[in-house]
Amino acid sequence: MKNKVKILREGKNMTQAELAEKSGLSLRTVQRIEAGTVPKGFTLKAIAGILETDPENLISADEEKSSVDRAKLINLSALLGLIIPFGGVIFPLILTYKTEDPGSKELGKNIVSVQIILAVVVSVLMIISPFIQKLLAVKIPLFLVFLIAFLCAKLFVIIKNGICLNTKNDLCIKLKTSFL
């Protein structure tokens, strides 16, 4: 599959050297972009201006898809929190900060933020559950009720966000502001 920059350049009957000269970029930069490097900032605007298109049109859908794929992996790594205590925070956090793509990094931060809130809530509930159990004189261990409810909520959040990432390329369950 051809690069969008190459397709537009060839559509205007320009060589790589002509595009480089008109845009004020080096020939090597144009070659790298056509080889698959994603242009950013000034380079993106310069090439878009010469090719008479919007900068957004030069960034392929594959880049957006890879961003969402990485976010799906981060979301699925939160499932480790069902097995390992705080694994739903630690593993997604590691994957988020190891990624270079700003889009998937932002989605990852939102995923981790929700997982942190869930972990804090269950931790507090687990700590106060014996006191609530004694206060209410309940015979069944309340910490098990809280733990099962937490696991179900965590699973629901992961599945719901996974479905939304597949359909809308965005998260359904996220905080209004990420604190990471």
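From the N terminus on, the elements of the chain run α-α-α-α-α-α-α-α-α. That is nine helices and zero strands. Helices (H or I, at least four residues) and strands (E, at least two) are DSSP runs, numbered from the N terminus. The model is predicted: local features need pLDDT of at least 70, side-chain atom pairs count only at pLDDT 80 or more, and totals for chains, interfaces and linings use all residues. Residues are numbered from 1 along each chain as its sequence is written, and side-chain values use heavy atoms, with hydrogens and water left out.

Now the overall form. The C-alpha trace spans about 80 × 25 × 25 Å along its principal axes. The radius of gyration is 24 Å, whereas a compact globule of 180 residues would have one near 16 Å. That radius is taken over C-alpha atoms, and the globule rule is 2.2 Å times the number of residues to the power 0.38.

Next, packing and surface. Of the 180 residues, 33% are buried. Buried means under 20% relative accessible area, exposed over 50%, and partly exposed in between (1.4 Å probe, protein chains only). A contact means heavy atoms within 4.5 Å. Among contacts between residues at least 6 apart in sequence, 55% join residues at least 24 apart. The chain exposes about 11000 Å², and carbon and sulfur atoms supply 65% of it. Accessible areas come from the Shrake-Rupley method with a 1.4 Å probe; for residues, only the protein chains shown count as cover.

Salt bridges come next. The structure holds four. Each is a side-chain nitrogen of Lys or Arg within 4 Å of a carboxyl oxygen of Asp or Glu.

Start with Arg 9 and Glu 34, whose side chains meet in a salt bridge at 2.5 Å, N to O. The pair links distant parts of the chain: Arg 9 lies in helix α1 (residues 4–11) and Glu 34 in helix α3 (residues 27–35), 25 residues apart. Arg 9 is buried, at 8% relative accessible area. Glu 34 is buried too, at 11%.

Lys 12 and Glu 52 also form a salt bridge, at 3.0 Å, N to O. These two residues are 40 apart in the chain, and both sit in loops. Lys 12 is partly exposed at 35% relative accessible area, while Glu 52 is exposed at 64%.

Asp 69 and Lys 72 pair within one helix. Their closest N and O atoms are 3.8 Å apart. Because the two are three residues apart in helix α6 (residues 61–77), about one helical turn separates them. Asp 69 is partly exposed at 34%, and Lys 72 is partly exposed at 25%.
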